[in-house]
Amino acid sequence: MAVSEEQDYVKHITKMSVDFDKWYTDVVRKAELADYAPIAGTMVLRPLGTATWDAIRRAFDDLIAESGHENWIFPLLIPEDVFMKEAEHVEGFAPEVAWVTRGGKEELAVPLVVRPTSETIIGTIVRKYIQSHRDLPLLTNQWANVVRWEMRTRLFLRSREFYWQEGHTFHATPEDAQSEVLQILDNYREIAEDWLAVPVIPGRKTEVEKFAGAQFTNSIEGMMRDGLALQMGTSHYFGQNFSTAYDIGFTNRENRRELCYTTSWGISWRLIGGLVMAHGDDSGLVMPPRVAPVQAAIVPIFRDEEGRESVSRFLTPITAALKGRVRHRVDWRDSRPGDKYAHWEVRGVPFRIEAGPRDVEAGQVVLVDRLSREKRPVPAARLADRLVDELKAYHEALFERARRFHAEHTTHPQTKQEFRDFFENGNGFAWAAFCDRTECELELKDQLGGVTARNKPFKVDGDFPDRCVWCERAATTVAVFARAY
RNA sequence: CGGGCGGUAGCUUAGCCCGGUAAAGCGCCUGGUUUGGGACCAGGAGAUCGCGAGUUCGAAUCUCGCCCGCCCGACCA
């Protein structure tokens, strides 16, 4: 049934087609994922957002545990002199660092920076645990909050304090470190695609976009429903940049001292913003089922106390069968069914189960999914099995929908004119031949209103011209261009 | 950080220009009636008008400073 304008107004969710940015903010707040906090540029993660982040966290933690990574907890504060050792890194982060200069009433002799990322302090700390090649690789990870004094903030996507995981690893050889970087990037791809149902492009960052202090940076890039790119995870190779600055060495098999090859990598709660913008619609959130805190909301329908008890008895074996298999919630709140439908819809719950007198009579429930809203009767005894299958299919459908959108908003311009036209008339991804020169990328960014090379994809199909799509010099690579968050 | 706009009940806003101690819808509470797509009726609670100072007999309203948000720019692993 179509939703009237008046009802929309009551819900206070701006339509995506009217103003995408406003729609996004409305959804995040009305779905109660997160809200603004009273400190500029910071936010509070509400229970739905926290549960979603926890689900992502568990999924990734399991993945990296399998490959031998261990969680640590490192300090929040970094002494200035420790922070300042790697020049490029300092230059990249200095403008957005928050400082602690006082403890109680005393001015600190050495000011402390609130970590914007932890390469420097972790390097400083773990160097003493690394003596021999036998101590390598050392594979650390921490789940933490960091602070970056951003000028322009946005819920989940760019906040002054954010939660993430940062992995920091130390290796005996460049090959080992580089394969770590690739392996983690593939773990990130798995989180994005298999858990969040967002198709992504893995690739190598250009010099303009790489991490401050890295030799190279890899990323996965996803497309939001406004055609903008979102960097959903990055994985950096430092070579010996940090181990030189922080003197992180080991004794190799030849009994000679050598410096470690290091990496770092991170995903943040930005992924939640990503799933909102990749899947949401004018009714609110659409949660990917594998991370959805509630996968099925059960709405009991009854007229009186007797009816209530009858539905309750009917539901007892049903919820018992769902236990441990499907994350569900029975909505006994004292309000009308329609109100409950809307409640769970805004929150993006994949499935709704209606159970009323007619269902009790027939020994069935009515299953409704968030995407099609079609009502389908399911025998009560088969609900659990059915839902497990439906959740899988729902994930596939979501992923497929996002994949199709991504494909429909992707182009392969052959000429500079086609390239210009594409970005002057809208947004999306443009795969094009590229000279990979910084000057060229900066020029096109300037002239095309913020278009940048998101990355140079690892996998490129088809033929591309041998001239750069922008400067028309010899092309050395293929890059995906887009405006980005 | 520069330019512009805004902040009034939990939410969305009116009132501000032209000063006289705050209003509506939604939400919330109680009772009744209802319940398969955001119900209805009646009653009720809820606001130091973002914070602070100033002008004034009197400030939501005028002035100044600060805080928070939005848009544009600069900036942005």
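1. Val-478 is located in strand E23. In this predicted model, Val-478 has a relative accessible area of 13%, which is under the 20% cut-off, so the residue counts as buried. Val-478 and Gln-165 are 313 residues apart along the chain, and their C-alpha atoms are separated by 30 Å.

2. Glu-472 sits in the loop between E22 and strand E23 (477-482). Its phi is near 65°, a positive value in a residue other than glycine. At 47% relative accessibility, Glu-472 is partly exposed.

3. Ala-197 also deserves a look at its backbone. Phi of Ala-197 is near 60°, again positive in a residue other than glycine. Ala-197 belongs to the loop between helix H7 (174-195) and strand E9 (200-204). With a relative accessible area of 0%, Ala-197 is buried, whereas Glu-472 is partly exposed.

4. The peptide bond between Leu-136 and Pro-137 is cis, with omega about -5°. Pro-137 is found in the loop between helix H6 (119-126) and strand E7 (138-147).

5. On the domain layout: chain A is divided into domain 1 (17-279), domain 2 (296-393) and domain 3 (410-482). The centres of domain 2 and domain 3, taken over C-alpha atoms, are 49 Å apart.

6. Helix H13 covers residues 383-408, which is 26 residues. Buried residues in H13 include Leu-383, Leu-387, Leu-391, Tyr-394, Leu-398, Phe-399 and Phe-405. Glu-390, His-395 and His-406 are also among the buried residues of H13.

7. The largest pocket has a volume of about 1100 Å³. Its lining comprises 40 residues, and the closest to the pocket centre are Arg-148, Arg-158, Glu-209, Gln-231 and Arg-270. Helix H5 (87-93) and strands E8 (161-171), E11 (229-239), E14 (261-268) and E22 (452-457) each give two or more residues to this lining. By class, the lining of the largest pocket has 13 nonpolar, 13 polar and 14 charged residues. Domain 1 (17-279) and domain 3 (410-482) each contribute at least three residues to the lining of this pocket.

8. The largest cavity holds about 80 Å³ of space. Among the residues that line the largest cavity are Tyr-341, Trp-344, Glu-345, Phe-351, Arg-352, Asp-369 and Arg-370. Helix H11 (337-346), strand E17 (351-355) and strand E18 (364-369) each give two or more residues to this lining, and H11 has the largest share, with three. The lining of the largest cavity divides into seven nonpolar, no polar and four charged residues.

9. The second largest cavity has a volume of about 60 Å³. Its lining includes Glu-119, His-168, Phe-170, Phe-238, Phe-242 and Thr-263. H6, E8 and E14 each supply at least two lining residues, and E14 gives the most, with three. The lining of the second largest cavity has four nonpolar, five polar and one charged residues.

10. There are 22 aromatic pairs in the whole structure. In one of them, the rings of Phe-20 and Trp-23 have centres 5.1 Å apart and planes at 40°, so the pair is tilted. Both residues lie in helix H2 (residues 20-30), three residues apart, about one turn of the helix. Phe-20 is buried, with a relative accessible area of 11%, and Trp-23 is buried at 0%.

11. Tyr-163 and Trp-269 form another tilted pair, 5.4 Å centre to centre with 40° between the planes. This pair links distant parts of the chain: Tyr-163 is in strand E8 and Trp-269 in the loop between E14 and helix H9 (270-279), 106 residues apart.

Terms used. Residues numbered from 1 in each chain as written. Chains lettered and ligands numbered in written order. Predicted model: local features only at pLDDT ≥ 70, side-chain atom pairs only at ≥ 80, totals over all residues. Heavy atoms only, no water. Domains from an automatic or database assignment. Helix = DSSP H or I, 4+ residues; strand = E, 2+ residues; numbered from the N terminus. Expected span 1.5 Å × (residues − 1). Buried < 20%, exposed > 50% of the residue type's maximum accessible area, 1.4 Å probe, protein only. 1 Å grid on protein atoms, 1.4 Å probe; cavity = no way out; pocket = protein on both sides within 12 Å on 5 of 7 lines; lining within 4 Å. Points joined across faces, edges and corners; volume = space filled by probe spheres on them. Nonpolar A, V, L, I, M, F, W, Y, C, P; charged D, E, K, R; others polar. Phe/Tyr/Trp six-rings, centres within 6.5 Å; stacked < 30°, edge-to-face > 60°.
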